[in-house]
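Reader: I have a structure to go through and I am new to it. Can you take my questions one at a time?

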Amino acid sequence: MRLILIAALLWMSVGPALAVEPDEVLSDPVLEARARALSKELRCVVCQNQDIDSSNAGVARDLRLIVRERLVAGDTDEEVLDYVVARYGDYVLFRPPFKPLNYVLWFAPFVLVLFGGGVAVAVLRGRRSVEPTAALTEDEDKLLNEYLAEDRKTQ
Amino acid sequence: MTRLFAAIPFAIVVVLGGVFLWGLNPDRDPNEIPSVLISQPVPAFELPPVPGLETPGLAQDDLNGAPKLAVVNVFASWCVPCRAEHGVLTGLRKNEDILLFGINYKDKPEDATRWLADLGNPYDRIGSDLNGRAGIEWGISGVPETFIVSQDGVVLHRTVGPIVGDEAVAKFKAALAAARTATEGKS
């Protein structure tokens with residue numbers, strides 16, 4: 001039982017690492033961990049909804065190697081990302097930076113929610129504020145009673 | 001106020017219609033990645049010639065102060081669309097007033113040499129990018145890719161994929177013409 005559990009755990013830990021080839025892995029585990037984290041932030045430009053960490057594309061492998069090279073050369077995480085962005089643009093970042101060019105991207109969901117909410121509130125309020133039927137005036141009341149009395153007489 | 005509310009469905013339809021018109025346009029390629037290189041100076045790179053080939057190598061300096069507009073084509077003998085594109089490039093080199101530079105991407109020298117011997121070699125310079133580093137500097141996502149570079153070394157246009165078929169060729173020629181007027185206006 002314990003053996004099966006260990007085997008299952010081992011298998012699960014191996015699963016997601018398939019694209020990174022053994023010759024790419026750095027000997028320094030700290031740098032390697034940083035490289036893996038950075039690779040998950042970078043979009044593969046060939047298969048565009050995959051990060052380079054899990055992509056088998058040639059360019060993705062090259063970029064993984066470059067990320068590791070920069071880290072070994074002593075770059076900070078930010079410098080590594082800047083290096084790739086300088087060549088491929090903000091597009092390769094899965095979390096695009098917050099800057100004027102990307103404001104539409106960041107604000108559009110909130111603007112849409114506000115707009116939709118605004119419309120909903122306005123519509124609901126409009127429905128409630130339909131005025132209740134006005135009461136009869138004194139004259140109308142009198143008239144109505146007369147009619148009713150007449151009606152009763154004829155019966 | 002109520003009149004304003006009455007206009008809301010209309011506004012929504014107009015906005016949605018606009019989005020659909022833009023999004024469902026068959027000419028729009030959602031996979032297209034905007035290039036950061038446009039209007040930027042060519043990246044720093046230096047490539048040796050392909051061994052066994054007489055064509056000289058290619059470096060950043062060759063693109064700064066070139067005598068004519070330069071077309072930089074990333075190609076490889078293993079790339080099938082490149083074979084189809086080769087004739088188009090040969091024609092462009094012959095009929096247009098341009099220099100044609102090649103970046104031989106991750107290609108074995110002997111394969112590249114044989115490929116060019118078979119199909120002809122229209123390139124003025126070819127750099128051998130064995131490990132693909134120059135390709136990364138140019139921000140390519142695959143082969144082939146073709147750039148237009150002004151005489152003073154500014155990237156003016158990028159075509160992803162082969163320039164094959166009337167439409168693509170016409171588009172590229174239009175980009176060449178635009179590049180020409182842009183650079184003439186400057187000098």
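Reader: Among contacts in chain B between residues at least 6 apart in sequence, what percentage join residues at least 24 apart?
Author: For chain B that percentage is 74%, where contact means heavy atoms within 4.5 Å. Before going on: this is a predicted model, in which local features need pLDDT of at least 70 and side-chain atom pairs count only at pLDDT 80 or more, while totals for chains, interfaces and linings use all residues. Residues are numbered from 1 along each chain as its sequence is written, chains are lettered from A and ligands numbered from 1 in the order in which they are written, and side-chain values use heavy atoms, with hydrogens and water left out.

Reader: And what is that percentage for chain A?
Author: In chain A, 51% of the contacts between residues at least 6 apart in sequence join residues at least 24 apart.

Reader: What helices and strands does chain B have?
Author: Chain B has six helices and seven strands. Helices (H or I, at least four residues) and strands (E, at least two) are DSSP runs, numbered from the N terminus. Along the sequence of chain B the order is α-β-β-α-β-α-β-α-β-α-β-β-α.

Reader: How spread out is chain B?
Author: Its radius of gyration is 21 Å, well over the 16 Å from the globule rule for 187 residues, so chain B is more spread out than a compact globule. That radius is taken over C-alpha atoms, and the rule is 2.2 Å times the number of residues to the power 0.38. The C-alpha trace of chain B spans about 80 × 40 × 30 Å along its principal axes.

Reader: How much of chain B is buried?
Author: Of its 187 residues, 42% count as buried. The cut-offs are under 20% relative accessible area for buried, over 50% for exposed, and partly exposed in between (1.4 Å probe, protein chains only).

Reader: What radius of gyration does chain A have?
Author: Chain A has 35 Å, whereas a compact globule of 155 residues would have a value near 15 Å. The C-alpha trace of chain A spans about 110 × 55 × 25 Å along its principal axes. Of the 155 residues in chain A, 26% count as buried.

Reader: How many residues of chain A and chain B are in contact?
Author: 20 residues of chain A are in contact with 19 residues of chain B. In chain A, D62(A), R87(A) and Y88(A) lose the most area to chain B, together 35% of what that side buries.

Reader: What area do the two chains bury between them?
Author: About 1,600 Å², with 59% of it on carbon and sulfur atoms. Buried area is the accessible area (1.4 Å probe) that two parts lose on being put together, summed over both.

Reader: How many salt bridges are there across the interface?
Author: The rule finds three between chain A and chain B, a salt bridge being a side-chain nitrogen of Lys or Arg within 4 Å of a carboxyl oxygen of Asp or Glu. One of these pairs D62(A) with K106(B) at 2.6 Å, N to O.

Reader: Which helices of chain A supply residues to that side?
Author: α3 (58-72), α4 (77-88) and α5 (103-128) of chain A each supply at least two residues. The largest share, seven residues, comes from α3(A).

Reader: Back to K106(B). Where is it found?
Author: K106(B) is in the loop between β4 (98-105) and α4 (109-119) of chain B. With a relative accessible area of 26%, K106(B) is partly exposed. Its phi is positive, about 45°, although K106(B) is not a glycine. Most residues other than glycine have a negative phi, and most peptide bonds are trans.

Reader: Which residues does a cis peptide bond join?
Author: V143(B) and P144(B), with omega about -10°. P144(B) is found in the loop between α5 (133-137) and β6 (145-149) of chain B.

Reader: Last one: is D90(A) buried or exposed?
Author: D90(A) counts as buried, at 18% relative accessibility. The loop between α4 and α5 of chain A holds D90(A).
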